[in-house]
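Good morning, and thank you for joining.

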Amino acid sequence: MNTKFNFLNRDIVSIRGFSREEIDYILEVAKSIEPLAEKGSDMLRGKVLAELFFEPSTRTMLSFQTAMYKLGGNVIGFAEPGVSSVWKGETLADTVRVVEKYSDIIVLRHPLEGSARFAAEYAQVPVINAGSGAEEHPTQALLDLYTILKAKGKIDGLNIALMGDLRYGRTVHSLAYALSLYNVKLNMVSPDLLRMRNEVLQDIRSRIDVTEYRDIEEILPELDVLYVTRIQKERFPDLGEYEKVRGTFAVNLKLLKSAKDDLIVLHPLPRLDEIAVEVDATPFAKYFEQARNGVVTRMALLALILGAIKNE
Amino acid sequence: MNTKFNFLNRDIVSIRGFSREEIDYILEVAKSIEPLAEKGSDMLRGKVLAELFFEPSTRTMLSFQTAMYKLGGNVIGFAEPGVSSVWKGETLADTVRVVEKYSDIIVLRHPLEGSARFAAEYAQVPVINAGSGAEEHPTQALLDLYTILKAKGKIDGLNIALMGDLRYGRTVHSLAYALSLYNVKLNMVSPDLLRMRNEVLQDIRSRIDVTEYRDIEEILPELDVLYVTRIQKERFPDLGEYEKVRGTFAVNLKLLKSAKDDLIVLHPLPRLDEIAVEVDATPFAKYFEQARNGVVTRMALLALILGAIKNE
Amino acid sequence: MNTKFNFLNRDIVSIRGFSREEIDYILEVAKSIEPLAEKGSDMLRGKVLAELFFEPSTRTMLSFQTAMYKLGGNVIGFAEPGVSSVWKGETLADTVRVVEKYSDIIVLRHPLEGSARFAAEYAQVPVINAGSGAEEHPTQALLDLYTILKAKGKIDGLNIALMGDLRYGRTVHSLAYALSLYNVKLNMVSPDLLRMRNEVLQDIRSRIDVTEYRDIEEILPELDVLYVTRIQKERFPDLGEYEKVRGTFAVNLKLLKSAKDDLIVLHPLPRLDEIAVEVDATPFAKYFEQARNGVVTRMALLALILGAIKNE
């Protein structure tokens with residue numbers, strides 16, 4: 001393995017903190033650690049992870065729990081809609097400086113942008129950002145990459161589309177950045193109202209080609225990867241506009257007739273009707289595999305940051 | 001031990017899925033595993049159980065947690081009144097297919113009948129039904145049988161009464177079915193409004209004798225086991241009717257004067273005033289022991305399903 | 001180590017249950033166990049702690065979780081604002097007699113005074129009081145003493161002030177009692193409305209000297225330890241009175257100019273503005289260290305009560 005990287009005690013605030021080589025290395029560790037997701041390990045025996053979830057995110061929370069348990073560690077903290085009231089009246093700086101005394105690593109989910117970086121500055125233990133405002137969700141991007149790599153054997157050279165809400169979804173922001181470190185063709189497919197913001201687009205275009213579409217059918221036949229995100233009703237000023245968009249940016253068997261045989265369809269879940277259930281049983285569907293890959297990728301990160309896997 | 005049974009990766013949806021021989025085997029394993037409930041074990045080291053509780057059931061939830069911990073495994077998931085909102089907008093089929101990626105076994109509690117069977121069909125990991133609608137609570141029936149067996153040394157030949165709400169209580173449905181696999185005399189004691197439904201009664205009567213009573217005093221002197229359940233005020237159209245019933249179907253020291261010395265009184269808990277606290281200190285009271293037996297019985301099931309105890 | 005003390009299976013209901021020699025011994029064990037708070041241990045492998053929190057106290061709950069995990073044990077239970085509704089309709093006596101069947105030790109937080117003693121009487125497993133009404137929080141007092149001992153090398157001979165709400169805060173009641181077992185000079189600094197109750201004061205004065213002040217500046221220069229507590233707005237009949245008090249009983253750099261160089265400032269947290277954030281970076285600030293010392297002290301208690309450390 002490459003000897004240039006040191007993840008010991010490192011904060012994971014943004015996917016922008018990683019070089020392509022570092023991401024490749026994490027995915028390599030994930031692959032090597034995958035058998036332990038089945039049988040478990042004692043790598044992190046005696047270590048405690050604190051989950052500080054100021055907004056609910058059940059899947060991410062459970063995923064980190066399993067990652068820690070499968071490595072022999074333990075987890076404190078809890079998430080519930082009212083969790084923020086539990087810490088009410090206390091600054092995030094104080095909460096972090098207390099919780100780090102109970103734990104070896106903190107996983108933070110917070111509605112405010114910048115919160116994860118702020119927490120990382122105060123904490124003496126490493127902090128992993130599990131979603132901060134609309135900006136970042138770096139471990140989701142890593143698991144998305146790992147899913148693509150497992151299904152396709154490579155990332156370079158792929159033709160990839162991100163479809164749905166590209167404006168507000170933090171998942172696609174982190175993923176688009178991560179993909180821009182690879183030699184991929186990236187397509188953005190969204191309704192006008194939900195186009196990716198210009199500043200994000202420009203940043204990505206400084207590294208790779210990006211084309212925007214309003215209709216998935218135009219490019220579907222060439223795609224290797226179709227990444228679908230949820231479009232929320234609340235984003236639209238009137239319901240009629242939403243209903244129109246909803247039908248257009250959805251994936252079903254009829255649409256997939258024009259797809260390559262080895263296209264893979266991803267979705268961060270939960271889904272509403274962006275992907276018809278009839279797709280679930282097809283080989284296209286990799287969205288449930290993403291959940292398992294999330295455990296594996298987070299196991300790799302935890303083992304690296306807490307020093308159980310040393311890069312030497 | 002008997003070699004006919006294979007519980008590896010088996011779903012536990014309904015007590016109706018078990019033969020008498022299988023139940024006997026589980027109770028035998030429970031007995032052999034009981035010392036580990038005290039000192040713990042590494043049998044399920046590295047295994048993760050997911051608790052998916054769509055309605056609160058603190059006792060059942062804690063009982064499964066302890067069962068898993070005492071075998072060296074871990075538990076993810078949580079229950080709170082608002083838990084269903086956490087998964088809101090996602091189908092049960094999707095939730096199950098995500099959560100199974102985080103876990104080796106799922107324990108499901110859900111307000112809808114049929115939900116556990118539905119989940120088991122979608123999940124690739126085994127699913128244990130911890131209560132689905134009003135129909136089933138199979139692990140409660142197993143722990144009830146184990147409690148009777150421990151106290152009496154046998155189940156065959158006993159004279160047993162189920163008293164209280166026999167119409168809506170899922171506990172008594174599962175238990176009555178399980179008891180009907182044994183050679184017991186079964187008595188049903190309930191107010192008219194809360195009689196066991198005819199279709200359930202008929203099924204049980206196809207195997208054993210069942211007599212119905214409206215007054216426990218008629219049969220108390222002959223009983224070996226008295227199983228009491230809670231009668232909920234909400235079941236009655238008027239409060240006067242409830243108040244009358246409430247006094248009649250309650251157990252206290254005065255009533256127990258006519259009981260055999262070795263009668264045992266059971267209750268799934270929580271109780272309100274169906275059993276007077278003055279009974280707690282008597283040898284009749286086995287309802288708190290049921291809680292401990294629940295841990296032991298669930299340990300046996302988990303060890304069998306996850307392959308830590310192999311039947312060979 | 002001293003051979004006179006036996007903590008096996010002992011209930012920790014009140015700090016009043018300890019002799020000075022016993023407290024010294026616990027602090028000694030805490031010191032010896034401190035390295036395990038870093039690297040973990042298998043001392044309590046197979047043991048299960050139940051957290052019964054009938055009112056939220058996130059810090060105390062997380063602290064006990066980490067203490068148990070670092071010793072290799074596990075934790076069941078959960079706390080949320082609605083937790084009491086989960087047990088609604090069940091008496092505390094019943095809840096305790098059920099939960100003890102799932103666990104080897106119970107940690108109880110309850111809004112009613114006397115609740116911990118009541119629970120300890122019913123439970124066959126040991127019960128630790130993690131806060132009962134306004135009266136007691138014995139493990140907080142122990143961690144406060146441990147923090148003083150670590151920072152000062154001794155407790156005897158120190159000049160200590162308790163400042164803020166001395167009337168309603170259970171923390172200061174337990175701590176004041178514990179300190180009165182040592183040869184310290186104790187100063188009480190509070191607004192008139194929040195003076196320590198006479199019966200508590202009299203009890204403490206039967207052992208050591210206590211002086212009351214309304215102004216911290218009078219004694220600050222002589223202090224070795226300043227223990228600050230939160231003053232809650234709700235305690236005051238009018239807001240103007242509160243605002244005046246709020247400024248007077250707060251600690252900032254200006255005030256600390258007259259302090260000894262080695263004064264330590266403690267606070268049970270969370271703080272509002274009783275301690276200015278500018279104090280955080282000074283050597284005076286030991287309030288975040290208290291959080292870590294809470295884990296260590298609770299590890300010592302759990303190891304002693306559950307027999308992993310034997311005094312022989």
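Before the first residue pair, one definition: two strands count as paired if DSSP finds at least two bridges between them. Please also keep in mind that the model before you is predicted.

With that criterion, consider strand 5 of chain A, residues 159-163, and strand 8 of chain A, residues 225-228. They run parallel and are joined by four bridges. Within this pairing, Ile160(A) stands opposite Val225(A) of strand 8.

These two strands belong to an open sheet of five strands in chain A, whose order is 7-6-5-8-9 and whose pairing is parallel. Which strands form the edges? They are strand 7 (210-213) and strand 9 (264-266) of chain A, each of which pairs on one side only. From one strand to the next, the twist averages 20 degrees.

I turn now to the helices. In general, two packed helices are described by the angle between their axes and the distance between the axes. For helix 2 (residues 58-70) and helix 11 (residues 287-305) of chain A, the axes come within 8 Å and cross at roughly 55 degrees. Angles of 65 to 115 degrees would count as roughly perpendicular and those under 35 as roughly parallel; helix 2 and helix 11 of chain A are therefore oblique to each other. Their crossing is right-handed.

On the side of helix 2 of chain A, the residues that meet helix 11 include Arg59(A), Phe64(A), Met68(A) and Lys70(A). Among their counterparts in helix 11 of chain A are Val295(A), Arg298(A) and Leu302(A). By class, the residues of this contact divide into seven nonpolar, three polar and three charged.

Finally, the chains. How many residues of chain B are in contact with chain C? There are 23, and they meet 21 residues of chain C. Helix 2 (58-70) and helix 11 (287-305) of chain B each supply at least two residues of the side that touches chain C. Helix 2 of chain B gives the most to that side, with eight residues. The side of chain B that touches chain C has 11 nonpolar, six polar and six charged residues.

The copies use different surfaces, since 9% of the contact residues of chain B recur in chain C.

Technical notes: Residues are numbered from 1 along each chain as its sequence is written. Chains are lettered from A and ligands numbered from 1 in the order in which they are written. This is a predicted model: local features need pLDDT of at least 70, side-chain atom pairs count only at pLDDT 80 or more; totals for chains, interfaces and linings use all residues. Two residues are in contact if their C-beta atoms, placed from the backbone, lie within 7 Å. Ala, Val, Leu, Ile, Met, Phe, Trp, Tyr, Cys and Pro count as nonpolar, Asp, Glu, Lys and Arg as charged, and the others, Gly among them, as polar. Axes are lines fitted to C-alpha atoms, for helices over the stretch in contact, and angles run from 0 to 180 degrees between N-to-C directions. Angles under 35 degrees count as roughly parallel, over 145 as roughly antiparallel, 65 to 115 as roughly perpendicular and the rest as oblique. A crossing is left-handed if the near helix is turned anticlockwise from the far one by less than a right angle, and right-handed if clockwise.
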